[in-house]
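Hello,

Here is the structure I promised to pass on to you. Have a look at it first, and my notes on what turned up are just below.

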Amino acid sequence: MGPGRGSRGVNEHSVWEVFRKEKRGAAFEHAGSVVAPDADFAEAWAREQYGRRGESVALWLVPRDAIRDVEDWADEFDLKYRRVDGYSIKTRLKEARERAGTAGPG
Amino acid sequence: MNEQALLGLADDELVLGWRDSEWTGIAPMLEEDVAFSSIAQNEIGHARAVYSLLSDDPDALAFDRKLEDYRCAPLVELHLLEWAHTIARRWLYEVADEIRITALKDDSDSAVAGLAAKIDREEAYHRMHAEMWHDRLREEPRFRKAVEELWPYALGVLPAELRGELVTRVGLGEVEAVARGTHSDELGPLWEEMTMVRRSAPAGAEW
Amino acid sequence: MAAVEIPRDEQAFLEYVQSGGQVETTDWMPEDYRKKLIKFIEMHGNSELMGVLPEREWILRAPTLQRKLALTAKVQDEVGHAQLIYRVVEDLGKPREQCLADLVDGKAKFHNVFHYPTKTWGDVGVIAWLVDAAAIISQKALLKCSYAPYARIMKKICWEESFHILHGRDVILAMVTGTPEQFQLVQEALDRWWDPLMQFHGNPIPSEEDPMYLWRIKSQGNEEARQQFLDGYVPQIRELGLTVPDPKLRKRDAGVWEYTEPDWDELKHVVTGHGPKTEERLAFRRRFLEQERWVRDAVLAA
């Protein structure tokens, strides 16, 4: 779960969220945050906090204020038609096999 | 290979790395503490690499000489446990060191030139860091005063023929340098503390 | 599928965390949970920061370049851990400046081991090997903390700690295979650090009575942690020819370690700010906090 507006109102304007890419081909993942006055300080400090042991090949730094939090969805109607758990084929498959006189695929 | 010059470089990095590591745990903010500690480690690493060019036993070269045989510049010896001066020194040293390293990258000895290139690449981050602080503090009276106080010492990091370049980059008038060759009073106590554990066992003891 | 919503009721919340539920920063949480969380996590941050001071002296005295580099890196990690930890506390509502002010004013606690002096290079090895080992046992248990942001930073912390113990053991091994004087440095350090180590995990509290356990902030009891430490490290200590300075220490047939009851009064006395080095270290930290206030004002002001 991402960082979101993850605070109770302290230092929000100077918190930079840090995303790191562990290796080529991997997605950026949220790694943590640093408190810094601007992008240059955020970079200098995030480099050390999240990369001094060679644990990251890349970082994204984003001011916390720039992040839009999205956390709720409406789930009022039956939407199973568009999900895997909305399909149960056992009964019909059994019937089709009986009709065709086959035991299974093949 | 100019051994004296290389020893000067190595001793500067060793002693400055030692001084910079004094900030571990007490830097103005935690993020900076971590960053500053990396710089200190890099400096010690550079010292070790240069000592290794000069000797099979870099530790012996680093720790077992007599005080008068160290070739560090007085700038790095100063005990500056106060941030304005510490950062002023970092910035001045990086500017001077860049001039020195650039010259070494053209050294006729390929081992020296190669090592200088490696050091230069790592120093890029030190320079970014120093410039960042310089930009932030340039209007702060404490910082400006510290830069002025340390300026003669900064000039002393370089041989006379390279000081003009430093004057241009820093933008202060040339003054009499506190040159390499005579140690400040501060090196003695530093050396005592730096070598006290090592001296407590016979030479050749493993640690 | 509706998103999991934290029930806004203390009893339901308790059941939620006890069945493995995870809590994020902006979720509803009982005020008691939030307060205990802040206090617990803040103490951890304080401990990482105060742990730097005893080790810092020895960075300056390291007898080889390799040891100097390793010790600097180890201590750097501890400062880094403090940063991660205080960020979590800050996002729960207590600013870092307040945590640091409370620390230097003696209003907040930190682990007992960081109130004691370090006297020799032997201490450097013992701390990196055994004190860190004791800490890692607790830290691994925190990977399951119900408060997710804290559990997440524990992953990074545990990963970084892995070289600390190896470094500590390497320092010890170099000395126990060195001169007789070097061996003695280790034994003497062990003699001094054993009692604080045995007190480190705290006095045994039954899990049902430990609010930290009930809220699943901790997932391991104090005694369980101590037993794990003894299991892992007494054999490692003895195989080097070192003596654990507790004549009563032995493992019973049931696999449980018996030992001289630690002085719980001493532990309480120390963590409430009366350790041999408490005042000196807090004063040192206070000095730099005040001295460099102008830097934070100059830099952190937007």
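In chain A, 3 strands make an open sheet in the order 2-1-3, with antiparallel pairing. Strands here are DSSP runs of E with at least two residues, helices are DSSP runs of H or I with at least four residues, and both are numbered from the N terminus. Two strands pair if DSSP finds at least two bridges between them. Strand 2 and strand 3 of chain A are the edge strands, each pairing on one side only. On average, neighbouring strands of this sheet are turned by 30° against each other, with direction ignored.

Before going further, please keep in mind that this is a predicted model: local features need pLDDT of at least 70, side-chain atom pairs count only at pLDDT 80 or more, and totals for chains, interfaces and linings use all residues. Residues are numbered from 1 along each chain as its sequence is written, while chains are lettered from A and ligands numbered from 1 in the order in which they are written.

Back to the sheet. Strand 1 (residues 15-21) of chain A is joined to strand 2 (residues 29-35) of chain A by 6 bridges, and the two run antiparallel. In that pairing, Val15(A) stands opposite Val35(A), and Arg20(A) stands opposite Glu29(A). Strand 1 of chain A also pairs with strand 3 (residues 58-63) of chain A, again antiparallel and over 6 bridges; here Phe19(A) faces Trp60(A) as its opposite residue. Because 5 of its 7 residues are buried, strand 1 of chain A is largely enclosed by the rest of the structure. (A residue is buried if 20 or more other C-beta atoms lie within 10 Å of its own, exposed if 12 or fewer, and partly exposed in between, with C-beta atoms placed from the backbone.)

Helix 1 (residues 39-51) of chain A lies across strand 1, strand 2 and strand 3 of chain A, and runs at about 135° to strand 3 of chain A. Axes are lines fitted to C-alpha atoms, for helices over the stretch in contact, and angles run from 0 to 180 degrees between N-to-C directions. Helix 2 (residues 90-100) of chain A is hardly covered, with a count of 0 buried residues among its 11. Just after helix 2 of chain A, Gly101(A) takes a positive phi of about 70°.

Now to chains B and C. Their contact takes 36 residues from chain B and 34 residues from chain C; two residues are in contact if their C-beta atoms, placed from the backbone, lie within 7 Å. On the side of chain B that touches chain C, the largest share, 10 residues, comes from helix 2 of chain B. By class, that side of chain B has 19 nonpolar, 6 polar and 11 charged residues. (Ala, Val, Leu, Ile, Met, Phe, Trp, Tyr, Cys and Pro count as nonpolar, Asp, Glu, Lys and Arg as charged, and the others, Gly among them, as polar.)

Helix 2 of chain B packs on helix 3 of chain C at an angle of about 165°, with the axes 9 Å apart. The two helices are therefore roughly antiparallel to each other (angles under 35 degrees count as roughly parallel, over 145 as roughly antiparallel, 65 to 115 as roughly perpendicular and the rest as oblique). Their crossing is left-handed, that is, the near helix is turned anticlockwise from the far one by less than a right angle, whereas clockwise would be right-handed. This helix contact has 10 nonpolar, 7 polar and 4 charged residues.

Within chain C, the axes of helix 2 (residues 31-59) and helix 3 (residues 65-91) come within 9 Å and cross at roughly 160°. The crossing of these two helices of chain C is left-handed, and their contact has 14 nonpolar, 5 polar and 6 charged residues.

Lys68(C) sits in helix 3 of chain C and counts as buried, with 28 C-beta neighbours inside 10 Å. Leaving aside residues up to four places away in sequence, Lys68(C) touches Ile44(B), Ile59(C) and Ala62(C). Ala62(B) belongs to helix 3 of chain B and is buried too, with 23 C-beta neighbours inside 10 Å.
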